Amino acid sequence: MFEGDAPEKSGMIPSAPLLAEVLDASIPAKSSSQGNEDVTDAADFPLSLIPQLQRRLDLMPQRPQNRRAKTREYSQSRRAEISFVITRSDLLAPQKGQVDALMPYLQQLLRDALGSSGRDVRLGNIRCVSAKRGWWTKQVKNEIWQRGGGGWMVGKTNVGKSNLFECIFPKGGQDRVIAEIDSTSNPPAHATLGTSRTQKVANPSESPTSLRPAATIDGSLLPPAQPEMRFPVMPTVSQLPGTTASPIRIPFGNGKGELIDLPGLARGSLEDHVLENFRANTVMRRRVRPEQFVIKPSQSLLISGLIRITPTTPEITVLAYPFVPLSAHVTSTDKAIAIHTQKPPSRVPTIVRPEVGPKVGLAGSYKLQWDVTKQRTGPLTSSSAAALSTQTLPFVVFSTDILIEGCGWIELVAQVRKKDIQSTGAGKEHPVVEVWSPNGDYIAARRPMNAWLLCKRKAVGSRRSRPRRSMKGVKKSWKIAMRNQSP
């Protein structure tokens, strides 16, 4: 269906213009209400976000922060809303409460990614879910049921759309309809009608207006909808990109609405530069507890021979925490360059294909520009300990997160003395690192999450619990006390 607009390696990955045509074909849908779920991956958020999706699809604009702004607007006789769903949130932190505490941070990341269009909007339509753990999937499912109409799952390949689809689809639609009918109708009416509740719901002429099935969609880009059933066959969940070849439409609620899983848009092809036996390792599938690496001057961090990070600021030591499923090690910069570019051929085992070495390019120079002194100084600035102000400390801690598309992120931290900042001048106080990758692609930077502080191993304190009381001589003392009490 998507041949001709897809890359050569796969005929099943549509382009953004073709996706817009598919969504435009859904205008005469069953209901004027339409919801578009922009599904992104927590492993590299916001790198997997589709840029300018709202403008390309002519969707309802985001609600601004003005309290008098309208809650609902119509475009082309439909109310098409967009929600941002971050999948696989269990990769960010081990507990649901910790992920919920990251919501202000994720909102700020999304605001930065949207640019000027996200500066003055509320962004209250963000959902951070985990299909594996069941975090917030029930809430999203209820929102889809209450909204009705058409719901579209839009996103790039391998962000977890099909897996999320199975968790948020309102299964058991007949049971939900019966529950709604029971809550709005008079209980004795069933006895006077002489018919079963299921028969009453199944009859379109007696069902509520919102549950009546409307005309079918005649768009040539949309396949016919599946027959409605209580527990339909869900889309195939696979680790391979492009498994969803065409839109999959599954109705629910006796014609109340339908959920549609769209093919994923083209994503970075980092796995094409990796040997076939190791391609599955380039996708982050479970939460990583990283090891701390110390990058001293004239050293570099090498990620499985695929990514190289080299600090360029002299006399600065950088701490690195790779949240990636690939192996990492620190070596001298000269040796790292030789391994990365494969000149001369190195005996160090890597997962990179032999012809990738000459294609290595500079992805960019990134500043560690965000101040994380408050989060990193621990008891020095804690209100329950020393309670010092960050202004009185003789140093500043800077940090940033380096994103690898579909693979994860690397948290970089460096400590700089304030005396050095004053001597270098304004604009040059931030440490800089160079990131090299195949073709200079698949890399981005974001404000730090400080994920290392959420998952680091707690140090075992020297304080011990109170020792158990010695029982030596207790029985003898008890006998002496009983003997003394006897007349």
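**Cysteines and a covered strand**

Author: Cys 407 is buried, at a relative accessible area of 0%; buried means under 20%, exposed over 50% and partly exposed in between, with a 1.4 Å probe and protein chains only. This is a predicted model, where local features need pLDDT of at least 70, side-chain atom pairs count only at pLDDT 80 or more, and totals for chains, interfaces and linings use all residues. Residues are numbered from 1 along each chain as its sequence is written, and side-chain values use heavy atoms, with hydrogens and water left out.

Reader: And Cys 128, buried or exposed?

Author: Cys 128 counts as buried because its relative accessibility is 4%.

Reader: How many disulfides in the whole structure?

Author: Zero, from a search of the whole structure; a disulfide here is a pair of cysteine sulfur atoms within 2.5 Å.

Reader: Switching topic. How many of the residues of strand β9 are buried?

Author: Five of five, in residues 307–311. Strands are DSSP runs of E, at least two residues, numbered from the N terminus. Ile 307, Ile 309 and Pro 311 are buried on one side of β9, Arg 308 and Thr 310 on the other.

Reader: Which strand does β9 form a hairpin with?

Author: β8, with three residues between them. The two pair in the antiparallel sense over three bridges; pairing takes at least two DSSP bridges. Leu 301 stands opposite Ile 309.

Reader: What is the bridge partner of Ile 309 in β16?

Author: Val 435. β16 covers residues 432–438 and runs antiparallel to β9, joined by four bridges.
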